[in-house]
Amino acid sequence: MYNRSAARLQKTAFNLLKRGYSATPEEPASSAARKLAEEALAQKTGAVKGKVTLPKGDKKPTKASGSKDGNMKEIALVGGILTGGALGGLFYYGRPFEGEREEKYANENAFTAAYKRCLDRFKEFQHEMNKPMWDKLLPEPLPEPYRRPYTLVINLDETLVYSYWDKEHGWRHAKRPGVDYFLSYLSQFYEIVVFTSQPAMNAAPILDKLDPYQYAMYRLYRDGTRYIDGKYVKDLSYLNRNLSKVIIMDSNPESFSLQPENGIALKPWKGNADDKGLLEYIPFLEAVALTNPPDVRPVLKSFEGTYIPVEWAKREEEMNKLHRLQWEEEQAKKKTKRNLGSLLTGGASDVTEGPPPTYLEQMRKHVRETFATEFEQQKKMQEEAMQQDMQKQMEMMKQMKMSVWDLMTQAASGQPIMPPQPTNEQPNQQ
């Protein structure tokens, strides 16, 4: 009986509450019904009689007053941690330098000196991270007579090759006209180093096809460059070579911005089949090696702002004219001498047709003739070596007793596959 009464009161209370929540502002629930519902809930739950707080409209409940204080505490805690970390880092990295290093900030106050020492340490760390992986990119120079007097550093992309991509073939690489002769001929004067900013896994296969005979003695890749202001720079001071004997040729002048006095800026090659850019530089580079200047940097400086092949041709022509004028003056000063034969015959003395060739012309002729002979011999030797390798491979194929078909047949029959026996077997001697 009691349970039925309680259930009935509970049902009545919920109906009244539902009606009170769903009532519109125009038709509010009666205060008597609300009071009755509150009393019924209090009797059912046994709670202390009190006023029930009901939601009003769609307003969201306000936050507790202590939440704002909690947020401020969190902000203060995070700020304290960051401030402590900054002061600790300033104290540690701003400590005085150890060893015999000169203290530059002795006259500064403690905070300013620590801050500047922090900046110095950060710059040194950045420098260490951006420098090449090795302090010496090249090994020690070769001993005589294999040593070359000069080092020629040359770029790969848009200097020796041009790479492009299309949908049909993917990446393709074109070889610049005259590359083979350029590398082979200058390899007798220069220690050639191909230096590219590409990774080794991309550039090495290209160089294997470009220079199969390795006229370029060394190859350097991206890990040998320095990363400065978002650009890969080739620092020649890490080559382990005297910079007075180093020339770099690159289609990107920014790549040798640390040593511009050693550089020759080439026009980028974009795949033109009629290009002669490399071959045009051979007379100048040849003259540098033959005349043997003690420092190549003043020589390159004298050609600044000009196209070196054209300017060098003009200078060589002027030198030849000066040589001819000097020879003519010497011939005019010489007195005519008649010997007994000339007096009897009435003939004159021998007259030279023209001035003798200059030292540079003589050396150039000798070097080119020698190279042509050696190059032909070397080419024949390489072709003969390739033919011998092909013959050896053919002989090895002939000596095999089993063909591929025999091997497949033997494997299908379930018999164990035995290796072929040597052709010339000799009995064991006991």
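Is E191 buried or exposed? I looked this up and found E191 buried, with a relative accessible area of 6% (buried is under 20%, exposed over 50%, partly exposed in between, with a 1.4 Å probe and protein chains only).

Notes on the source. The model is predicted, so I took local features only at pLDDT of at least 70 and side-chain atom pairs at pLDDT 80 or more, while totals for chains, interfaces and linings use all residues. Residues are numbered from 1 along each chain as its sequence is written, and side-chain values use heavy atoms, without hydrogens and water.

Confidence. I read a mean pLDDT of 78 for the chain, with 68% of its residues at 70 or more (pLDDT is the predictor's confidence in each residue, from 0 to 100).

Salt bridges. I found 16 in the structure (a side-chain nitrogen of Lys or Arg within 4 Å of a carboxyl oxygen of Asp or Glu).

E191 and R241. Their side chains form a salt bridge at 2.9 Å, N to O. E191 lies in strand β4 and R241 in the loop between β7 and β8, so the pair ties together parts 50 residues apart in sequence (strands, E, at least two residues, and helices, H or I, at least four, are DSSP runs numbered from the N terminus). R241 is also buried, at 12%.

E286 and R368. I noted a salt bridge of 3.1 Å, N to O, between these side chains. E286 is in helix α8 and R368 in helix α12, so the pair ties together parts 82 residues apart in sequence. E286 is buried at 0% relative accessibility, whereas R368 is partly exposed at 35%. Shared partners join E286, E316, R364 and R368 into one salt-bridge network.
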